[in-house]
Amino acid sequence: MGGNIDQWFADLLYRLEGGHWLLKEAWVTSQLIHRGGKWLSVLASLGLIGLLLCACFNARGHRYRRPLLYLLLAVALSTGLVSLLKSVTQMDCPWDLSRYGGLRSFVGLFETRPADMPAAACFPGGHASAGYAWVALYFFALAVRPAWRWRMLTLALLTGATFGFGQQLRGAHFLSHDLWSLGISWLVAVSLYLWMLRPERMHAAQAVSVPPSISTSGNLA
């Protein structure tokens, strides 16, 4: 933001698209990445809820309960926090600005917005957060399958970057909007990990959740 990199990158995309947002309603950006990405995020969240329920009602899944709950909370809090900030930061999308064919003047994040200016809700990037929220998969894997943690992180970063770049091509967001979504998602994931999934907390939680075993003689072990 401070170095005008947002405008430089948006200017580049705008020129490449012929001086207007050519890809604003294109099938790939509008339907596949935007609409399809929303449904992918919803289905992934529903699948996560289903896995958590299975772990809760299956004794063999007890070791996955806390990590799955962590992942669900991290995704929900990340996307929820981004949505909340969008409603209070009052920043415009590039396609609303006169610089890119819109009608409004640019108002920075810490500048006072004129009272007669219509409301806006474009910062941070909401769609990108639907992908970046899954950076919590790194810490989930760290708790249950450490060898997979970098694969999970790569998957989340690629998904968030695809969602975010698709919206930038449509003129819906600046680059910094999506980077802030990534930062918020990572901060939430780290904070929840320290609270819920640190090894000592995991050991304590598993000790409480595992019922006493029954010996062959019928006595409590």
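Select D92 and R113. They form a salt bridge (a side-chain nitrogen of Lys or Arg within 4 Å of a carboxyl oxygen of Asp or Glu), with the closest N and O atoms 2.9 Å apart. Both residues lie in the loop between α3 and α4, so the pair ties together parts 21 residues apart in sequence. R113 is buried at 16% relative accessible area; buried means under 20%, exposed over 50%, partly exposed in between (1.4 Å probe, protein chains only).

This is a predicted model: local features need pLDDT of at least 70, side-chain atom pairs count only at pLDDT 80 or more, and totals for chains, interfaces and linings use all residues. Numbering runs from 1 along each chain as its sequence is written, and side-chain values use heavy atoms, without hydrogens and water.

D92 itself is buried, at 4% relative accessibility.

Next, select R99 and D11. Their salt bridge has its closest N and O atoms 2.6 Å apart. R99 is in the loop between α3 and α4 (126–132), D11 in helix α1 (residues 5–16), 88 residues apart. Helices here are DSSP runs (H or I, at least four residues), numbered from the N terminus. R99 is partly exposed at 48%, whereas D11 is buried at 17%.

Last stop: L71. Beyond its neighbours within four places in sequence, L71 has contacts (heavy atoms within 4.5 Å) with L48, W134, A136, L137 and F140.

Terms used:
Helix = DSSP H or I, 4+ residues; strand = E, 2+ residues; numbered from the N terminus.
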